[in-house]
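Trainee: I am new to this structure. Can you walk me through how its helices pack?

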Amino acid sequence: MRTIDFSSWQSVLATMLGLALVTLIGVGIRLLTMMTIQQRRERMNRQINERLRTLIAAYKTLGGSFTGTLTVDPAHLRDLRRREGDPALAAPLRLDAEAIAGSDRGRRIRDAVEAALSDIILLGTDEQVRLAVAAAHDLVAGRPVPTHDLVVSLRNFVRAALDLQAIPRDLVLPAQGPTRPAGTGGRGKSDRDAASAGRSGGAGAGGMATGGGVPDGGAGDVGDPSPTAIPTGGIR
């Protein structure tokens, strides 16, 4: 208050303008700081959400099955064809009957697991990256890959990130394996649609052929009411 001069209205106005300027500068610095902190926090939240979303998708891919074959078959199509030609080559990988018969389910599972392992190597923790790299090496070497340990690590990380209670230690969960892709009836449906379209096309063609003779006959009837008026041998 000692610096405020009330001796004249000019000094009072200058004092008020100075206080307003200082206040405006302080508010601007505070707003700028708050916006910077908020943007940084939003960016971190987006990164965390994207990481959690990716790791949850990887968890569902690697641990969506509790029954059946719980390992990843690393065989490619060329390997299946080679084993079909020489059954003795199927022993090292112990392929199941479905894979030997040429089904693409095993290959689809392997492709999905490879994509999930790539995401984990990119966004996973140190433990998860080590497990994913070991699984990738097993795939490259042609060995069946169990995914249960990696699934347990992903589950613990996701529950901790979401502030969920840990699973009780006395609760024993069964082993988990890669998700089996659902079978689609797209091929059978397309075959049935093609057959129906063929039948409809044949019926339509027959109808057009039957209807096509009517104008000719009609024109003959109009032009010549008696079709037998022109003798067969009359035209030289």
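Trainee: Which hand does the crossing of H4 and H5 have?
Mentor: Keep in mind that this is a predicted model. The axes of H4 and H5 cross at roughly 145° and come within 9 Å. The hand of that crossing is left-handed.

Trainee: How many residues in the contact of H4 with H5 are nonpolar, polar and charged?
Mentor: From H4 come Glu114, Leu117, Ile120 and Ile121. H5 brings Gln128, Val129, Ala132, Val133, Ala135, Ala136 and Leu139. By class, that contact has one charged, one polar and nine nonpolar residues.

Trainee: Is H5 roughly parallel or antiparallel to H6?
Mentor: Helix H5 covers residues 126-141, and helix H6 covers residues 148-161. Their axes lie 10 Å apart, at an angle of about 160°. Angles over 145 degrees count as roughly antiparallel. Therefore H5 and H6 are roughly antiparallel.

Trainee: Which residues of H6 make the contact with H5?
Mentor: The crossing of H5 and H6 is left-handed. On the H5 side, the contact uses Glu127, Gln128, Leu131 and Ala132. On the H6 side, the residues are Asp149, Leu150, Ser153, Leu154 and Phe157.

Trainee: How many residues of each class does the contact of H5 with H6 have?
Mentor: Leu131 of H5 and Phe157 of H6 are among its residues. Both Leu and Phe count as nonpolar. By class, the contact has two charged, two polar and five nonpolar residues.

Trainee: What angle do H1 and H4 make?
Mentor: Helix H1 runs over residues 9-62, and helix H4 over residues 105-123. H1 passes H4 in a left-handed crossing. Their axes are 9 Å apart, and the angle is about 145°.

Trainee: How much space lies in the second largest pocket?
Mentor: Its lining includes Arg155, Asn156, Arg159, Leu164, Ile167 and Pro168. By class, the lining has three charged, one polar and seven nonpolar residues. The space in this second largest pocket is about 240 Å³.

Key. Residues numbered from 1 in each chain as written. Predicted model: local features only at pLDDT ≥ 70, side-chain atom pairs only at ≥ 80, totals over all residues. Heavy atoms only, no water. Axes fitted to C-alpha atoms, helices over the stretch in contact; angles between N-to-C directions. Helix = DSSP H or I, 4+ residues; strand = E, 2+ residues; numbered from the N terminus. Parallel < 35°, antiparallel > 145°, perpendicular 65-115°, else oblique. Left-handed = near helix turned anticlockwise from the far one by under 90°. Contact = heavy atoms within 4.5 Å. 1 Å grid on protein atoms, 1.4 Å probe; cavity = no way out; pocket = protein on both sides within 12 Å on 5 of 7 lines; lining within 4 Å. Points joined across faces, edges and corners; volume = space filled by probe spheres on them.
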